[in-house]
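Hi,

Here is the structure I said I'd pass on.

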Amino acid sequence: MSDVPLSEADLDTLVHDWFTWDQAAEALGVTPAKVRTMIKDHELAGAVPKPGAGPRVPADFIQDGLVVKGLPGLLTLLHDRHFDDRECIAWIFTDDDLPGRPIDALRENRGSEVKRRAQVLGY
């Protein structure tokens, strides 16, 4: 992990593809209001990747028309550790030798190790 605090991570560099809430809604087959609710309920996470961009959702959080398996549970776990959405996204997209980033492990159905690593954060 980097020495830069997660709250200060450059999300635009870490996350290559972003969806607007409208695009995320279309990819999931729901309304933009539902995307907002999903973010509030920690089923998805959203952030402003760079000044002036407006709120976005990482495109990698959606796979085959669904939220990536294990993501809602991971987000809840990270929020329980007092991470905000921006910090959650930074952690999920930072290389952690899983191999690769936590998002890659989740998308490849290797979420158990990601959750184990998240559970020990702060200890």
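Just after helix α4, H82 has a positive phi of about 70°. Bear in mind that this is a predicted model, where local features need pLDDT of at least 70, side-chain atom pairs count only at pLDDT 80 or more, and totals for chains, interfaces and linings use all residues. Residues are numbered from 1 along each chain as its sequence is written, and side-chain values use heavy atoms, with hydrogens and water left out.

Helix α4 itself covers residues 71-80 (helices are DSSP runs of H or I with at least four residues, strands are E runs of at least two, both numbered from the N terminus). Its buried residues are L71, L74, L75, L77, L78 and H79 (buried means under 20% relative accessible area, with a 1.4 Å probe and protein chains only). They pack against β4 (66-67), α5 (85-92), α6 (102-107) and α7 (111-119).

H79 is the one I'd look at in the viewer: its relative accessible area is 17%, so it counts as buried. Its side chain makes a polar contact with the side chain of D85 at 2.8 Å (a pair of N or O atoms within 3.5 Å, one able to donate a hydrogen and the other to accept it; residues adjacent in sequence count only if both atoms are side-chain atoms). A polar atom of the H79 side chain also lies 3.0 Å from the backbone oxygen of F83. Leaving out residues up to four places away in sequence, H79 touches H42, D84, D85 and C88 (heavy atoms within 4.5 Å).

As for the whole protein, there are 7 helices and 4 strands, and 40% of the 123 residues count as buried.

Cheers

Terms used: Buried means under 20% relative accessible area, exposed over 50%, partly exposed in between (1.4 Å probe, protein chains only).
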